[in-house]
Amino acid sequence: MANGVGFVKSCFKERADAIEELAVRSEGFRDLCDDFEIANNEEVRWTRSTAPERDERLAEYRELIDSMRIEIEQSLDRAAVVPFKPPRR
């Protein structure tokens with residue numbers, strides 16, 4: 001798996017198996033994982049920054065990270081729903 005998937009698995013340890021399964025099936029989810037890792041790395045970078053726009057950028061990345069965290073959780077919840085299949089006759 002890509003680095004983003006590994007990063008998301010480290011953030012959601014209790015759902016690591018579900019993350020792995022969904023990442024195998026969904027390129028969009030893998031992209032979301034990559035973006036989540038990038039946003040977290042940028043937050044760390046801005047935390048260390050002394051630039052005048054530091055606080056503004058930190059707020060932006062934290063908001064982005066929170067929304068992506070929710071999107072990841074929702075994706076996992078949707079993937080966990082087993083589709084109904086009528087019984088075989």
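Guide: Of the 89 residues in the chain, 26% count as buried, where buried means under 20% relative accessible area, exposed means over 50%, and partly exposed lies in between (1.4 Å probe, protein chains only). The model is predicted: local features need pLDDT of at least 70 and side-chain atom pairs count only at pLDDT 80 or more, while totals for chains, interfaces and linings use all residues. Residues are numbered from 1 along each chain as its sequence is written, and side-chain values use heavy atoms, with hydrogens and water left out.

The chain exposes about 6,400 Å², and carbon and sulfur atoms supply 49% of that area; accessible areas come from the Shrake-Rupley method with a 1.4 Å probe, and for residues only the protein chains shown count as cover. The secondary structure consists of four helices and zero strands, in the order α-α-α-α from the N terminus. Helices (H or I, at least four residues) and strands (E, at least two) are DSSP runs, numbered from the N terminus. Take the contacts between residues at least 6 apart in sequence: 59% of them join residues at least 24 apart. Contact here means heavy atoms within 4.5 Å.

The part to look at closely is helix 2, residues 16–25. Its axis and that of helix 1, residues 3–11, come within 9 Å and cross at roughly 155°. Helix 1 is therefore roughly antiparallel to helix 2. Axes are lines fitted to C-alpha atoms, for helices over the stretch in contact, and angles run from 0 to 180 degrees between N-to-C directions. Angles under 35 degrees count as roughly parallel, over 145 as roughly antiparallel, 65 to 115 as roughly perpendicular, and the rest as oblique. Helix 1 passes helix 2 in a right-handed crossing; a crossing is left-handed if the near helix is turned anticlockwise from the far one by less than a right angle, and right-handed if clockwise.

On the helix 1 side, Val5, Val8 and Lys9 take part, and they meet Ala16, Ile19, Glu20 and Ala23 of helix 2. By class, this contact holds five nonpolar, no polar and two charged residues. Ala, Val, Leu, Ile, Met, Phe, Trp, Tyr, Cys and Pro count as nonpolar, Asp, Glu, Lys and Arg as charged, and the others, Gly among them, as polar.

Valine 5, in helix 1, is buried, at 0% relative accessibility. Leaving aside neighbours within four places in sequence, valine 5 is in contact with Ile19, Glu20, Ala23, Arg30, Cys33 and Asp34. The C-alpha atoms of valine 5 and cysteine 33 are 5.3 Å apart, although 28 residues separate the two along the chain.

Phenylalanine 12 sits in the loop between helix 1 and helix 2 and is buried, with a relative accessible area of 3%. Residues up to four places away in sequence aside, phenylalanine 12 touches Ile19, Phe36, Arg69, Ile72 and Glu73. One of these, isoleucine 72, is 60 residues away along the chain, with 9.6 Å between the C-alpha atoms. Glutamate 73 belongs to helix 4 and is partly exposed, at 31% relative accessibility. With neighbours within four places in sequence left out, glutamate 73 is in contact with Phe12 and Arg15. Glutamate 73 and arginine 15 are 58 residues apart in sequence and 9.4 Å apart from C-alpha to C-alpha.

Helix 2 also packs with helix 4, at an angle of about 85° and with the axes 10 Å apart. That makes helix 2 roughly perpendicular to helix 4. Ala18, Ile19, Leu22 and Arg25 of helix 2 make this contact with Ser75, Leu76 and Ala79 of helix 4. The residues divide into five nonpolar, one polar and one charged.

Serine 75 lies in helix 4, residues 54–80. This serine 75 is buried, with a relative accessible area of 13%. It touches Leu22, Phe29 and Leu32, not counting residues up to four places away in sequence.

Helix 4 has a further partner in helix 3, residues 27–48: the two pack at about 155°, with their axes 9 Å apart. Helix 3 is thus roughly antiparallel to helix 4. Their crossing is left-handed, and the contact has twelve nonpolar, three polar and eight charged residues.
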